[in-house]
Amino acid sequence: MEKVIAGKNIQVNEEGYLTDFSQWDQTVGEEIAKEANITMTSRHWEVIKFLQDQHQQKVALSIRKIGQSKVVDIKEFYALFPQGPLKVSTKIAGIPKPASCI
Amino acid sequence: MTTEFNGEIRKMMIILSKATLENVYAAFVLANGARMEGIEAEIFFTFFGLEAIHAKKLEHLHIATVGNPAMHMPTLLGGLPGMESLATAMMKKEMERIDMPDVHEFLDILVASGVKLWACRLAMDMFHYKKEDMYEGVEAVITVGDFYKQGSGIGTHMLFI
């Protein structure tokens, strides 16, 4: 389905995740973050960039992988994106929601 | 009629009473999975479940080969010396393949994710364990009553493993 995000028509699934990453830009991410009550800082963007890189390399994301990333530790990851960090951060990043249980 | 938060789960209170690897992992995955969804989670370790947070024992947990029909192994065979170790080694290999951390790393992940770990006072006394014997991320040794108090509030669910 289509949703207007940051003034653009964006393709999203029923949970609001982008289905076409080429439609993503920082203003789109910013607006999705705002919906999740997150004010983005440079630290948030560093993590988002990392997630996007991982997705591009087809790495299945998990909390454990985040912990091993050396980009951010698990504790900070939860502090940056409370209320389900992997779920929220991937939505902001414009990539699919990970299906991982760990 | 509206129910509390429309039935939404806000907090998972998990009681782990067993130290067989499959039960320990079940508790850990459920607690971690809750945090990943933004749900609070706490684990109360009691009786044999204490082994999962005992610093010297937590690396040596086994899966049960006897009395476990899902092993598809005759009970007599499962009781042979070394059988539990063999089955455990095989399971650990599979777990690494699906990106499942070992018990110690999993505890580290849980604590970093904000899961509160509690040791049962009664069971600690029974096994003559002290707080210093336990994994350093354990919050405190508490009573059942304390644990119930921790779980107070709307949207709390309790689970006994």
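How many salt bridges are there between chain A and chain B? The count is three. This is a predicted model.

## The interface between the chains

Chain A gives 16 residues to the contact, and chain B gives 17. About 1,400 Å² is buried between the two chains. Carbon and sulfur atoms give 53% of that area. On the chain A side, A:Arg64, A:Tyr78 and A:Ile102 lose the most area to chain B. Together they make up 50% of what that side buries.

## Strands of chain B

In chain B, strand 1 (residues 11-16) pairs with strand 2 in the parallel sense, over six bridges. Within this pairing, B:Lys11 stands opposite B:Glu40 of strand 2.

Is strand 2 (residues 40-45) of chain B enclosed or open? Five of its six residues are buried, so strand 2 is largely enclosed by the rest of the structure.

## Aromatic pairs

Over all chains, the whole structure holds nine aromatic pairs. One of them joins A:Trp24 and A:Trp45. Their ring centres lie 6.3 Å apart and their planes meet at 65°, so the pair is edge-to-face. A:Trp24 sits in the loop between strand 2 (8-11) and helix 1 (26-35) of chain A, while A:Trp45 belongs to helix 2 (residues 42-56) of chain A. The pair therefore ties together parts that are 21 residues apart in sequence. A:Trp24 counts as buried because its relative accessibility is 17%, under the 20% cut-off. A:Trp45, at 15%, also counts as buried.

Chain B has an edge-to-face pair in B:Phe28 and B:Phe106. The centres are 5.5 Å apart and the planes stand at 70°. This pair links distant parts of the chain. B:Phe28 is in helix 1 of chain B, and B:Phe106 is in helix 4 (residues 103-112) of chain B, 78 residues away. Both residues, B:Phe28 and B:Phe106, are buried.

Note on methods: Residues numbered from 1 in each chain as written. Chains lettered and ligands numbered in written order. Predicted model: local features only at pLDDT ≥ 70, side-chain atom pairs only at ≥ 80, totals over all residues. Heavy atoms only, no water. Buried < 20%, exposed > 50% of the residue type's maximum accessible area, 1.4 Å probe, protein only. Helix = DSSP H or I, 4+ residues; strand = E, 2+ residues; numbered from the N terminus. Pairing = 2+ DSSP bridges. Phe/Tyr/Trp six-rings, centres within 6.5 Å; stacked < 30°, edge-to-face > 60°. Contact = heavy atoms within 4.5 Å. Buried area = accessible area lost by both parts, 1.4 Å probe. Salt bridge = Lys/Arg side-chain N within 4 Å of Asp/Glu carboxyl O.
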